[in-house]
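Please keep the sequence and the model in view while reading.

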Amino acid sequence: MASAALPSNEAERVSLLHALDLLDTPAEPSFDRITRLVARTLRVPIALVSLVDSDRQWFKSRVGLNLLETPREFAFCAHTILQKSSMVVGDATMDDRFTDNPLVTGDPSIRFYAGAPIVSTGGIALGTLCAIDSQPRVLMQDELDTLMDLANLVSKEIQQREAVFLARQHVNHVKTVIEESEARFRSIFERAGLGIAIVAPNGRWTSVNEALCEIVGYSQEELAKLTFQDITHPDDLESDLSLLQQLVSDEIGHYQLEKRYVRKTGEEVWINLSVTKKVDADGGLDYFISFIQDIQARKEAEASLAALRRDLEQRVDERTRELRTTNAMLSRSMAQQLSYQQALVKREAELSAVIENANDAYVCMDQAGVVSDWNRQAQETFGWSAEEAIGRRLEELIVPPNLRAAHRAGMKRYLGSGESTMLNRRLELQAIRRDGSTLPVEVRVRALDLQGQKVFSIFLHDITARKRHEEAREIEARQDALTGLPNRRALFERLPQAMARSNRSRTGLALLFIDLDGFKAVNDTWGHEAGDSLLQEMARRLSAGLRETDAAARLGGDEFTVLLENLSGLREDAVAVAEKLLLSIAMPVQIGRASVQVSASIGIALHLPGADMSPDQLINIADTAMYEAKRAGKSRCWVS
């Protein structure tokens with residue numbers, strides 16, 4: 001067995017992995033959804049998010065495996081993190097690196113392995129997203145692309161945590177009161193899920209966050225040397241400048257438009273831009289505030305705003321006492337107080353603008369569950385105005401009745417023990433609007449301890465459209481677009497379930513593999529539209545000739561399958577259905593003014609309860625029997 005070499009950056013890699021606090025932590029939906037998707041998409045029994053520690057690999061998420069970790073010297077993933085791209089082992093028993101590996105010779109008997117690196121923001125490989133099977137396999141390019149795409153999603157999730165870790169390091173170095181206020185604002189500013197920028201009146205970028213840098217491909221230092229005009233697409237610049245002039249002249253209070261930026265690479269990128277302005281004490285234009293994409297990190301906004309307000313009140317009291325006791329320090333104290341006040345008011349205005357113009361609903365509540373802040377998007381999402389919501393309990397406003405007891409119990413448990421399943425996580429929950437209708441939301445909650453009192457900052461994002469899109473994609477992925485029948489994927493999902501039911505109920509099961517005879521002639525003579533109409537008619541006839549417990553599917557082209565369950569007379573019943581379908585298929589089909597006629601060759605594979613047969617074997621047997629029917633003269637069935 002050949003153990004993997006250590007990466008050149010091993011010390012840095014392990015240090016970062018430990019710093020991110022991912023090892024030995026509970027399972028999380030954001031990772032578990034991806035491993036389940038890998039298992040379903042690649043049809044493998046085992047899918048893992050594996051983090052490679054100094055002497056072990058630990059599984060942050062796992063499907064189909066009871067182990068939490070294995071020694072690093074046995075880990076396939078220790079080889080994968082040395083790769084720039086993915087690593088695929090079709091048959092581990094044929095690979096010199098793994099033939100005598102205990103994970104191959106013993107449980108879980110690995111034969112097939114496909115892994116894609118999970119990397120940090122700086123490109124450091126921390127682990128892998130991998131798919132494992134106990135059978136040798138060949139991975140298609142589109143399946144490998146899917147694995148790589150899903151690994152990128154895991155990397156993005158970890159990179160977000162890396163950003164949080166780096167932000168916390170920054171906050172720990174803040175020493176003065178003003179620096180602390182600036183760090184809290186900068187943390188919110190930099191960690192936001194959409195691009196945010198402070199723009200000078202001449203269009204130059206004064207301050208930008210990393211989200212905007214990711215959108216346009218420039219670093220913060222590079223953007224500081226540019227104006228927004230420099231990276232705006234020439235075709236969109238005139239409309240943007242026109243709206244900006246209306247904003248400056250107070251004709252409008254803010255504006256929003258879709259426009260394009262030109263990335264550093266020269267590529268065009270569409271963004272949704274929202275712009276407001278900030279004026280100084282004399283009413284003159286101070287700067288513009290621009291929002292690009294969705295805001296994802298406003299958890300600290302309410303806490304930072306409250307802290308700024310308390311800091312201001314404390315400084316005012318302290319400076320007032322100083323003024324009463326020492327006239328000698330009057331000038332310096334007044335100047336210093338004014339400076340502090342202006343800085344804090346500016347930060348408060350910036351934070352208020354970020355929260356109020358956010359695309360997510362933002363709610364702040366105290367430890368009694370009473371709402372203390374409610375932004376404009378919360379009003380639009382849930383139907384309660386800020387005046388109506390503030391001062392009421394959150395559970396009365398948006399928590400469905402069936403979840404209110406759990407909400408109260410969770411609050412009580414956290415306040416008593418500090419334990420919570422809600423905090424600092426992305427959760428999908430049901431909420432209610434003022435009119436009583438429900439909607440799915442993505443919820444992020446953070447608890448802050450302010451002067452001995454708990455304050456909860458909550459961001460809620462309406463995911464109704466995303467859920468509908470996911471449901472539609474799931475249906476489309478399992479349905480043949482032309483005939484409306486289940487497709488190949490649906491068959492491969494249903495067949496193992498049907499065979500399991502056959503074993504439990506001790507009843508026979510048959511798979512009919514149907515190939516149309518003469519279909520090519522119809523296509524060549526009457527065209528593909530006629531061929532499509534013929535396939536649609538064949539699908540209707542197949543469906544009409546089956547019981548509710550049976551199922552027809554289209555594999556592709558002119559190939560269909562029929563799955564028959566609960567057969568008491570296995571061979572006789574299967575043949576009877578096949579002959580019935582042969583007669584139905586052979587009936588003429590009227591297509592426009594033409595009458596066409598085809599026949600079919602049907603291969604029949606039988607499954608006895610308890611038989612040692614896989615779904616792939618059953619399909620191959622039916623396919624082979626179909627070719628036997630063709631060799632025997634077509635327009636008939638053949639039982640294998």
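**A loop and its surroundings**

Pro108 is found in the loop that runs between helix H4 (102–105) and strand E5 (112–119). The model described here is a predicted one.

**Backbone features in loops**

- Asp107 and Pro108 are joined by a cis peptide bond, with omega at about 5°.
- Ser109 is also placed in the loop between H4 and E5. Its phi is near 55°, which is a positive value in a residue other than glycine.
- With a relative accessibility of 27%, Ser109 counts as partly exposed.
- Arg43 likewise has a positive phi, near 55°, although Arg43 is not glycine. The loop that holds Arg43 lies between helix H2 (29–42) and strand E1 (46–52).

**Overall make-up**

- The protein has 22 helices and 23 strands.
- Of its 640 residues, 47% count as buried.
- Among contacts with a separation of 6 or more, 58% are between residues 24 or more positions apart.

**Nonpolar cores**

- In soluble globular proteins, nonpolar side chains tend to be buried together.
- The largest nonpolar core contains 35 residues, and those that touch the most other members are Leu512, Ile514, Leu534, Phe560, Val562, Ile602 and Ile604.
- At least two residues of this core come from each of E17, helix H19 (519–526), helix H20 (528–544), strand E19 (559–567), helix H21 (570–586), strand E20 (589–591), strand E22 (599–607) and strand E23 (636–639). The greatest contribution is that of H21, with 7 residues.
- Beyond its neighbours within four places in sequence, Leu512 is in contact with Phe560, Thr561, Val562, Leu564, Val577, Ala578, Leu581, Ile602, Gly603 and Ile604.
- Another core, of 30 residues, lies apart from the largest one; its members include Leu16, Ile124, Leu144 and Leu150.

**The second largest pocket**

- The second largest pocket holds about 530 Å³ of space. It is lined by 26 residues, of which Val399, His407, Met422, Leu429 and Val445 are the closest to its centre.
- Helix H16 (401–417), strand E14 (426–432), strand E15 (438–450) and strand E16 (453–462) are the elements that give two or more residues to this lining.
- H16 supplies the largest share of the lining, 7 residues.
- By type, the lining of the second largest pocket consists of 20 nonpolar, 5 polar and 1 charged residues.

**Salt bridges**

- Side chains of opposite charge can pair when their charged atoms come close.
- Across the whole structure, 38 salt bridges are found.
- Asp517 and Lys630 form a salt bridge through their side chains, at 2.5 Å from N to O. Because Asp517 lies in strand E17 (residues 508–517) and Lys630 in helix H22 (residues 615–631), this pair ties together parts that are 113 residues apart in sequence. Asp517 counts as buried, at 7% relative accessibility.
- Glu157 and Arg161 form a salt bridge in which the closest N and O atoms are 3.2 Å apart. Both residues belong to helix H5 (residues 141–172), and they are 4 residues apart, about one turn of the helix.
- Which of these two partners is buried, and which is partly exposed? Glu157 counts as buried, at 16% relative accessibility, whereas Arg161 counts as partly exposed, at 21%. The two values fall on either side of the 20% cut-off, under which a residue is called buried.
- A salt bridge also brings together the side chains of Asp95 and Arg97, at 2.9 Å from N to O. Asp95 is buried, with a relative accessible area of 17%, while Arg97 counts as partly exposed, at 27% relative accessibility.
- A network of salt bridges links Arg426, Glu428, Glu442, Arg466 and Lys467.

Terms used: Residues are numbered from 1 along each chain as its sequence is written. This is a predicted model: local features need pLDDT of at least 70, side-chain atom pairs count only at pLDDT 80 or more; totals for chains, interfaces and linings use all residues. Side-chain values use heavy atoms; hydrogens and water are left out. On a 1 Å grid over the protein atoms alone, a cavity is a set of points where a 1.4 Å probe fits but cannot get out, and a pocket is an open set with protein on both sides within 12 Å along at least five of seven lines; lining residues have an atom within 4 Å of a point. Grid points are joined across faces, edges and corners, and a volume is the space filled by probe spheres set on the points. Ala, Val, Leu, Ile, Met, Phe, Trp, Tyr, Cys and Pro count as nonpolar, Asp, Glu, Lys and Arg as charged, and the others, Gly among them, as polar. A salt bridge is a side-chain nitrogen of Lys or Arg within 4 Å of a carboxyl oxygen of Asp or Glu. Buried means under 20% relative accessible area, exposed over 50%, partly exposed in between (1.4 Å probe, protein chains only). A nonpolar core is a set of buried Ala, Val, Leu, Ile, Met, Phe, Trp, Tyr and Cys residues joined through side-chain atoms within 4.5 Å. Contact means heavy atoms within 4.5 Å.
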